[in-house]
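Welcome! Here is a short tour of a protein model, with a look at its rings, its core and one loop. Please keep the viewer open as you read.

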Amino acid sequence: MEHKTTGSGERIDHMKYLEGMEVLDSDIDRLVLEAAAAYDPGRYTAADVQRAIAASGQGAGGVSGCGPEGFAALLSPAAEPFLEEIAQAARYETRKHFGNSIYMFTPIYIANYCENHCIYCGFNCHNNIRRAKLDQEEIEQEMKAIADTGLQEVLILTGESPKMSDVAYIGEACKIARKYFKVIGLEIYPVNSSDYAYLHACGADYITVFQETYNPDKYETLHLAGNKRIFPYRINTQERALIGGMRGVGFAALLGLDDFRTDAFATGMHAYQIQRKYPHAEIAFSCPRLRPIINNDKINPRDVHEAQLLQVVCAYRLFMPFASITISTRECERVRNSLIQIAATKISAGVNVGIGGHSGEEKGDEQFEIDDTRTVDEVYEAIAAQGLQPVMNDYIYV
């Protein structure tokens, strides 16, 4: 595996672009990092939280949502005694904008080769796991097996290896997916806007990128080698994807890597700035908590308990009420059932995070441990049992 270092063996500057990386004329990253650096969760009071809850219902400053200051207050420690009230407000906003609809999808991992050394990830290039890459026939077998469950949306994932899973390979997977699914998402390594344009032409609708942490100093200590080490290229991924024609972009920090309040605030502000600049963009949040990985029991995430997860999810809803919020199988059945009643609008089902596990025996190891192994039918029935409407597709091509 290639390691990004200087000739003297020193690690490359994580804030400088590498050759071939597209540099945008944009100030979104600056605005987000300035907001995150200025955020002090401890300065907010109960009165600030109450104002944010009240503002969320009528729109702060004449626009939908509670506004950045209200969002900051809702993520603060001062908001914790008001979680029930916040959850009720979030539920109201969710039903107002989404009705009872809960959208279903599943991820499909087509390769787990990776060239990055990220110390918290099961796919990192130094982890001794079974590596695998599906060929086109195997990809089609996987997608047919998924489609047979009734799902109409799939999220295609790879490890971050442009060498082993190049853009052309991912594009072919999108073309195959278009035969079986109405909506296709990508969670791959960041690429340039021209590559996103190509992948969109192949059938991809949206991309999701985890920034992991928005703290550049912490980010540097977690990403020791590989293209992912370059912080500004990653933070500008969503904008390049929209320039490339994608209709939707997803945002997430991996909660537990650093201070979760600041990371959640930065995630929200990133989505907010993108929405202001690209009002047509469909915005989505994911709320992943750090999970155990193969061969590494030394990761000690900063505590993000269920109450804190609920706080983050509800804050996203009250800040950006039209945004989709995904709750993944990193969470257990009980937590997922609860969050779709309150603020989450999208849920994965029939999940397998290994390589090739949907249609047969896994060829390659998984990225992390999942906590909800229910089938598509079981998740569908659980949604319906709560008086909600499972939705397989919300988009029609004409």
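## Charges, rings and a core

Lys346 sits over the face of Phe105, at 5.3 Å from the ring centre. A charge counts as over a ring if NZ of Lys or CZ of Arg is within 6 Å of the ring centre and within 35 degrees of the ring normal. Lys133 likewise lies over the face of Tyr169, at 4.5 Å from the ring centre.

A word on the background: this is a predicted model, in which local features need pLDDT of at least 70 and side-chain atom pairs count only at pLDDT 80 or more, while totals for chains, interfaces and linings use all residues. Residues are numbered from 1 along each chain as its sequence is written, and side-chain values use heavy atoms, with hydrogens and water left out.

Now to the rings. Searching the whole structure turns up ten aromatic pairs. Rings of Phe, Tyr and Trp (its six-membered ring) pair if their centres lie within 6.5 Å; planes under 30 degrees apart count as stacked, over 60 as edge-to-face and the rest as tilted.

Tyr219 belongs to helix H8 (residues 216-222) and Phe231 to helix H9 (residues 231-235), so their pair ties together parts that are twelve residues apart in sequence. Helices (H or I, at least four residues) and strands (E, at least two) are DSSP runs, numbered from the N terminus. Tyr219 is buried at 0% relative accessible area, and Phe231 is buried at 1%. Buried means under 20% relative accessible area, exposed over 50%, and partly exposed in between (1.4 Å probe, protein chains only).

Finally, where does Ser328 lie? Ser328 is in the loop between strand S9 (324-327) and helix H13 (333-342), and is partly exposed at 24% relative accessible area. The C-alpha atoms of Ser328 and Ser348 are 5.7 Å apart, though 20 residues separate them along the chain.
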